[in-house]
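Hi everyone, thanks for coming. Let me put the structure up on the screen, and then I'll walk you through a few parts of it.

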Amino acid sequence: MNFISNLMDGINYGFSFLNLLGILVGYLLGIIFGAIPGLTGGMAIVLLLPFTYNFSPIFAIATLMGIYKGGVYGGSITAILFNIPGTPMAAATAFDGYPMRIKGEGLRALEMALFASIIGGTVSNLLLMFTAPPLARVALKLGPAEISALIFFALTIITNLMGNAAIEIWKGLVAAGLGLLFSIVGLDMLTATRRYGFGIIQLDSGINYIVAIIGILALAEVFNQIDQAGELKLAVLKEVKIFKRPTMKSRLKDLKICAKDIFRSSIVGSIIGALPGLGATEAAFLGYGEAKRNSKHPETFGEGEIIGIAAPESANNAVCAASMIPLVTLGIPGSVVAAALFGAFMIQGMMPGPMLMKTNPEVIYGLFVLMLVTDILGGLIVAYPILYLAEKYMKKIAYNVLFPFIIVFCAVGSYGINFNTFDIKVLLFLGVFGYFIKRNGFFGPIFLIAFILGPFLERNVRTALIISKGSISIFLRSPVALILLAFSVIYTISSIKKKFKK
Amino acid sequence: MNKFKLSIFLLLFLLFFVSFSVIAQDYPLKPIKSLIPLSAGGTSDIVARALAPYMEEYLGQPLVLINKPGANGTLAVAEVAQSEPDGYTFGWANLPTLVIHSQLTELPYDPEELEFIATAMPFEYVVLVRKDASWNTWEEFIQYAKSNPGKITYGVPGLGSTNHLALEFVAMKENIQWEPVPFPGNPEAIAAVLGGHVNACNTSTTAAVSTVQSGEMKPLIVLSDKRINLIPDIPTILEKGYDFYQYSCLGAVLPPNTPEAIRLKLEQAIEYACNQDDIQEKAKNNFFVTIDFKNGSEYRELATKYYKIWGDVLRQVGLLK
Amino acid sequence: MKYRNDTIIAFGLIVFCLINYFYLIPSQVIKQGSQSTYVYIVNTFLFLSSIGYFFQGILQKKFLTSGNQENKINKDSKKSIIIIILVAIWILLMDYLGFLLSTIVFLIVSIATLSNPPRNYPKLLILSILFSLFIYILFTVILKTILPEGILEVLLQDIIY
């Protein structure tokens, strides 16, 4: 058996004390960067990448994978504890995580986020190991037309996040429109001409989506919580006498409840991850939206529904391994992190891609095995104690003293993307904007989903139209695109119908 | 609070003292900030980072390498142009950033005024089609494009990139019509060819290594002036009788009015780094690029020449009015 | 209170969309040589949503008597506005004073604003300095990148080199 022998070679090559240590240290770093609002795991990878140039390839890559996965998980901690997502990918986790925390179920939420992360990551790892080549072929077949339809489909989850009252539906649409409009700022991605430049050259690269998410979700939330300082949520929390500790029985029960959604989200995350360009944030929102759409009691979402944590967390972790699929099978880095890993491979004299699989399968399989280990070891050895420590100590900390530090982290995190103070100014603008819309009953995440997906939709639709020379038949000829578009329409109509019945 | 004010004054005083003393001494006296206009992990980033230790050895001061991607790299160059001309900030810039984008959009700097240090590496380009495509040679491809005007689509990393302009230059020469399809980068363009969404792509060699080696992609022509290690059998555009090749390179620039002595010192540092056997070998075997040092005046000459060449093509394809 | 806000915001949005149609898009998009189709589509979407929002706001205002509409939780937005202004000043100062000095000052002032007296100023000062130094060292010494430079940074570099 070729696969088995490759796998054994991979285990031999990859398993060493040092590599495992690298994973654990990386995971820890990832959690720290991920949990601190403003800093992200992706940023840690980009900043630490030059240091790995001096290490052995597999150690460097193991450490980076640890950071990557730890970073994706770490965001959920602050999302649940403070309602301030530590990373963009954890934005959806806060919807239900924080309400659970208020109810005294913080630990239950934190544990579910971890379990869902481990399971999502593992499912995606296994998919990478066993089905990478066919999955990569499928991903390649999705051209601009199909991706347009897929993104359109993803956009329709917005209708699911809107409230039921008529005014809330209108507000949701306005928020989405504003999100789309904000995303237009910057150079036109096809022709490199300016749009809403206002003579400021820094606006050419547009509003960075990480800055937008930090601003709208983290900074705006800080401003919002400052206002509530008088009757701070913490005070409410102190009154909750019963902090429910999960037991073995309750954990199994929770996992049983969420099993279907975790599995669905893992698949959704893996597919999104395998597509070049899309990432964990989109996957998390999509996972959440899908879980709500398929739930028998969607009204519990946003009030502390455990599935609302399991679904986005398994989806965003599933992206990690899946985003390696185009890299490993085709030599095409599909995400920022994959591009950084591409560099890490190359500096070591290895060109990731189909050739590496043929000439040095032990490297690729070593990577697979280490990734599998990362989720399980990192999750149980590193994340589990951290989660208890965080829960314990964050109860004691004075929130109002914490806010200025969070603001500094947000600013430094935005600055660190391009090393430009202009990004901090954009951050403040968006923070104030997010605070304003929040106080007036708009839902920030809707704005963000439109903001993130809008440019993808525009780019892919326009690219598809260039390929078809302006004819919209390109969307109708492709069965995949047609089915996705039909689904989007059906879902939108049915969810609006549901709202009107209420 | 008074103590506080006093300390600020003290600090200000010290600052002036420090900054004057620094300029007077021999360059360099402190770490040099070096901006890379592309994101971490890309070819330019890796080459710049591979050169850095040897440059540090020569200069005797550390380099602080900072990735500042954004706005097609013009953001980093703009910052270099606006920084103090004291030699403590320089930027890696590739040629198109200097000569194409400055024609397409209004920028806060004039590339003519920058001080050109040197170039370390030319980028190499290759036109690829899928392995099962019906064209095996460049001639067949051109013939098909001629008899089927507008039918060929090719992927490029952005309109106005040299990849796009070079193929439009060919189209002008051959009097053919084909359709550029812009993608966010080289990898996406290759993916689109593999998925059958476009017919061909023009990408930098490094991005194509893996798919070419495994036979997924078929190279048709090298658009650079010299043949490439990776695909020694594939002829260059010059061999095919065109009097033109797609030139783009990774070079370094300083803010306007930087003293010549400082520029020269940095030029020598880059030359020193480029001449290391270790670098040459790594470039060839690991990164699939060629290290080819050109000094500041040669670099400036090339920039001036290609400013005109690319400008003409830009006008032809209607991106520039 | 809440529903009057709605109509005002909706009205503002409608005005903004009109400005966008007749001034911003022609000058900031078309004149720059960019395609305007997508921009017009998005603006139209926002315009129509805002009109719907506007009329829904008026409609709901009619149904509700004026007394019931006050927000139950009377949020005190004074502190957040002070903090927002402090952040703005901090960001502007950062370009001139550098990261360390501006951040230390920002932390001291903002924590003092948010905490209740009696305030432990020495502790506050030490905490602010240590935290700012930690971030500075993390970014410059450990990660080998930069933060906005000013007086303190130049001084520190001079001590190091």
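Let's start with chain C, which has 6 helices and 0 strands, in the order α-α-α-α-α-α from the N terminus. When I say helix I mean a DSSP run of H or I of at least four residues, and a strand is a run of E of at least two, both numbered from the N terminus. A word on the source: this is a predicted model, where local features need pLDDT of at least 70 and side-chain atom pairs count only at pLDDT 80 or more, while totals for chains, interfaces and linings use all residues. Residues are numbered from 1 along each chain as its sequence is written, and chains are lettered from A, and ligands numbered from 1, in the order in which they are written.

Chain C has 161 residues, and 30% of them count as buried. Buried here means 20 or more other C-beta atoms within 10 Å of a residue's own, exposed means 12 or fewer, and partly exposed is in between, with C-beta atoms placed from the backbone. The domain assignment of chain C gives domain 1 (2–69) and domain 2 (78–160); such bounds come from an automatic or database domain assignment. Taken over C-alpha atoms, the centres of these two domains of chain C are 39 Å apart. Now for contacts, which need C-beta atoms, placed from the backbone, within 7 Å. In chain C, of the contacts between residues at least 6 apart in sequence, 71% join residues at least 24 apart.

How does chain C meet chain A? Here 42 residues of chain A are in contact with 48 residues of chain C. On the chain A side, the elements giving two or more residues are α9 (166–184), β2 (194–195), α10 (209–227), α19 (399–418) and α20 (421–439). Which of them gives the largest share of that side? That is α9(A), with 11 residues. By class, the chain A side has 26 nonpolar, 9 polar and 7 charged residues. Nonpolar covers Ala, Val, Leu, Ile, Met, Phe, Trp, Tyr, Cys and Pro, charged covers Asp, Glu, Lys and Arg, and the others, Gly among them, are polar.

One residue to look at here is Ile84(C), in helix α3 (residues 78–97) of chain C. Leaving aside neighbours within four places in sequence, Ile84(C) is in contact with Phe223(A) and Val432(A). Ile84(C) counts as partly exposed because it has 19 C-beta neighbours inside 10 Å. Its C-alpha atom is 9.9 Å from that of Ser110(C), 26 residues away along the chain.

Staying in chain A, α10(A) also packs against helix α21 (residues 444–467) of chain A, at an angle of about 180 degrees and with axes 11 Å apart. Axes are lines fitted to C-alpha atoms, for helices over the stretch in contact, and angles run from 0 to 180 degrees between N-to-C directions. So α10(A) and α21(A) are roughly antiparallel, the word for angles over 145 degrees. Among the residues that meet are Ile213(A) and Leu217(A) in α10(A), and Phe447(A) and Phe451(A) in α21(A). By class, this contact has 10 nonpolar residues, 1 polar and no charged.

Also in chain A, have a look at Phe419(A), in the loop between α19 and α20. Phe419(A) is not a glycine, yet its phi is positive, near 55 degrees. Is this residue buried or exposed? Phe419(A) counts as buried, because 20 C-beta neighbours lie inside 10 Å.

Over to chain B, where 6 strands form an open sheet in the order β2-β1-β3-β10-β4-β11, with mixed pairing. Strands pair if DSSP finds at least two bridges between them. Which strands stand at the edges? They are β2 (63–67) and β11 (294–295) of chain B, each with a single partner strand, so one side of each has no neighbour in the sheet. Strand β4 (residues 115–122) of chain B pairs with β11(B) in the antiparallel sense over 2 bridges, and Thr119(B) stands opposite Lys294(B).

To finish, helix α9 (residues 205–213) of chain B has 9 of its 9 residues buried, so it is largely enclosed by the rest of the structure. Just after α9(B), Gly215(B) takes a positive phi of about 80 degrees.

Methods: Contact = placed C-beta atoms within 7 Å. Parallel < 35°, antiparallel > 145°, perpendicular 65-115°, else oblique.
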